[in-house]
Amino acid sequence: MKITVVGRQMNVYDDMKALIEKKLSKLDKFFAAEPDATVTLSCKHNDRNIEITISAAGTLFRSEVRGDSFRDALDDAVSNIERQIRKNKTRLAKRLRSTMAPPPEVEEFDDTVADEEEIIRTKTYPTKPMSAEEAILQMNLLGHQFFVFKDDQSSDTCVVYARKDGGYGLIVPEKD
């Protein structure tokens with residue numbers, strides 16, 4: 001696994017990097033090809049935050065955990081990702097074991113200080129054609145409330161979202 005460790009307004013020491021590599025190496029058994037992992041560590045209000053994003057075969061796995069120490073947060077984040085993989089094992093088996101598509105490029109962020117009516121953050125990412133079911137799976141793996149994707153049948157840009165009643169919604173653009 002190719003691991004990139006980033007410290008937000010802090011230095012990450014070699015012993016922590018070695019611990020991160022050791023903990024993430026136990027996830028290698030789930031992937032046929034070598035996945036890319038980005039681990040971001042930060043401190044806010046005496047809480048230790050760790051965010052792990054793993055990109056493998058076009059699928060993203062993400063966990064963000066806040067804890068009293070980085071070691072505890074790392075253990076929780078790795079177990080969260082392992083639980084995501086096990087929970088969706090049957091659906092992900094084909095995608096992870098095959099070389100379906102190259103992993104998406106790193107997301108680009110543009111953070112600016114703005115008034116309330118201005119755009120505060122812009123996020124870009126590559127889209128690939130997928131079904132609504134696959135988009136729901138990807139949304140759940142990322143832990144988001146909605147997911148924008150390109151429909152594999154109509155090539156329209158669509159949105160799936162999690163409803164408050166536990167179901168899912170799909171927004172499809174109207175044809176002219």
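**View 1. The side chain of glutamine 138 makes a polar contact with the backbone oxygen of leucine 60, at 3.4 Å.** A polar contact is a pair of N or O atoms within 3.5 Å; within protein, one must be able to donate a hydrogen and the other to accept it, and residues adjacent in sequence count only if both atoms are side-chain atoms. This is a predicted model, in which local features need pLDDT of at least 70 and side-chain atom pairs count only at pLDDT 80 or more, while totals for chains, interfaces and linings use all residues. Residues are numbered from 1 along each chain as its sequence is written, and side-chain values use heavy atoms, with hydrogens and water left out.

**View 2. Helix α4 spans residues 132-142 and includes glutamine 138.** Helices are DSSP runs (H or I, at least four residues), numbered from the N terminus. Eight of the eleven residues of α4 are buried, so the helix is largely enclosed by the rest of the structure. Among the buried ones are Glu134, Ile136 and Leu142. Just after α4, glycine 143 has a positive phi of about 75 degrees.

**View 3. Leucine 41 is in contact (heavy atoms within 4.5 Å) with residues that include Val5, Met16, Ile50 and Phe70, leaving aside neighbours within four places in sequence.** Arg8 and Asn49 are also among its contacts.

**View 4. The protein chain averages a pLDDT (the predictor's confidence in each residue, from 0 to 100) of 80.** Of the residues, 84% score at least 70. Over residues 99-115 the pLDDT is below 50.

Technical notes
Helix = DSSP H or I, 4+ residues; strand = E, 2+ residues; numbered from the N terminus. Buried < 20%, exposed > 50% of the residue type's maximum accessible area, 1.4 Å probe, protein only.
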